[in-house]
Amino acid sequence: MNFVPALLYPLYEARLLRGLKGKPQPKHVAIMADGNRRWAREAGFTDISHGHRQGAKKIGEMISWCADTEVEVVTIYLLSTENLKRQEAEVKLLFDIISDVVETLSTGDLGCQVRLVGHLDLLPDRVVERMRQAAEKTQKNSGVIVNVAVGYGGRQEIVDAVQDLVRAEAAQGTTAEDMAERVTAESISHHLYTKGLPDPDLVIRTSGEQRLSGFLLWQAAYSEIWFTDTYWPAFRKLDFLRALRDYSQRSRRFGK
């Protein structure tokens, strides 16, 4: 649809929305917002920070799109534990941009509730404190719940969950002999970063990459996955609605 003039986009969006009426829609959408650097290079920018900043602006837009849908929870993957190994200047830039994103979401008119998910101990204290203060302001909001995955790694999340579970059981005096029986899929779920929230129904990854890259490994076990070649800064509402349309046409089996 890239050849369709921009003037026709609203008409196409309206058509997609009408097509979703009465169809199954995801309650929880997880987004792998990938392709910021590639978008910047292909757009002719020598400074890749432009891609990161454009990608950051897209997040608020995407949350606003949910108002016309049945989406209640969005988890967006912004910084992985592997990303922390990039050049120091880029990592520092990402810290600043992600902090700006959290503050923008907390002060805008979206009415969303922001939660931070990830191994925050890996981040500088000043960055964590800035994000936590901003997120705290949103806790009474009743809009879309937005999980900002920062310093996140799927394997690390499972390790953290099991360790938290073991510590909790040990504090209650559970013996080593009984501990193994207390480690169940349900009990681990109660100690994940996203505890208390439904698992994602739909995972969207932009930029053409077709893998989870450690994102929500536990929670996405039975999620539907939708890939697009579009880079995150260029992701449009009609792309989002296409993903929802594709989801509505799938038959979820949950491993059965």
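How many bridges join β1 to β2, and in which sense do the two strands run? In this predicted model, for which local features need pLDDT of at least 70, side-chain atom pairs count only at pLDDT 80 or more, and totals for chains, interfaces and linings use all residues, five bridges join β1 to β2, and the two strands run parallel. Residues are numbered from 1 along each chain as its sequence is written, and side-chain values use heavy atoms, with hydrogens and water left out.

Strands (E, at least two residues) and helices (H or I, at least four) are DSSP runs numbered from the N terminus, and two strands are taken to pair if DSSP finds at least two bridges between them. Val29 has Val74 as its bridge partner in β2. Strand β2 also pairs with β4, in the parallel sense and over seven bridges, and here the partner of Ile76 in β4 is Val148. Eight of the eight residues of β2 are buried (under 20% relative accessible area, with exposed meaning over 50% and partly exposed in between, for a 1.4 Å probe and protein chains only), so β2 is largely enclosed by the rest of the structure.

Helix α4, spanning residues 88–107, has 20 residues and reaches 29 Å from its first C-alpha to its last, close to the 28 Å expected at 1.5 Å a residue, where the expected span is 1.5 Å times one less than the number of residues. Its buried residues include Leu93, Leu94, Phe95, Ile97 and Ile98. The buried residues of α4 pack against the helices α2, α3 and α5 as well as the strands β2, β3 and β4.

A nonpolar core is here a set of buried Ala, Val, Leu, Ile, Met, Phe, Trp, Tyr and Cys residues joined through side-chain atoms within 4.5 Å. In the largest such core, which has 53 residues, Ile31, Met62, Ile204 and Phe240 touch the most other members. Helix α4 gives the most to this core, with nine residues. Apart from this core lies another, of eleven residues, among them Ala30, Tyr77, Tyr152 and Ala220. With neighbours within four places in sequence left aside, Ile31 is in contact (heavy atoms within 4.5 Å) with residues including Met62, Val74, Ile76, Ile204, Phe215 and Trp232.

A search of the whole structure finds 18 salt bridges, each defined as a side-chain nitrogen of Lys or Arg within 4 Å of a carboxyl oxygen of Asp or Glu. Arg205 forms one with Asp34, the closest N and O atoms being 2.9 Å apart. Because Arg205 lies in strand β5 and Asp34 in the loop between β1 and α2, the pair ties together parts that are 171 residues apart in sequence. Arg205 is buried, with a relative accessible area of 6%, whereas Asp34, at 21%, counts as partly exposed.

Within helix α3, Lys58 and Glu61 are three residues apart and so separated by about one helical turn, and their salt bridge has its closest N and O atoms 3.4 Å apart. Lys58 counts as buried at 9% relative accessibility, while Glu61 is partly exposed at 36%. A further salt bridge joins the side chains of Asp246 and Arg250 (2.5 Å, N to O), of which Asp246 is partly exposed at 24% and Arg250 is partly exposed at 29%. Salt bridges that share partners join Asp34, Arg38, Arg205, Glu209 and Arg211 into one network.
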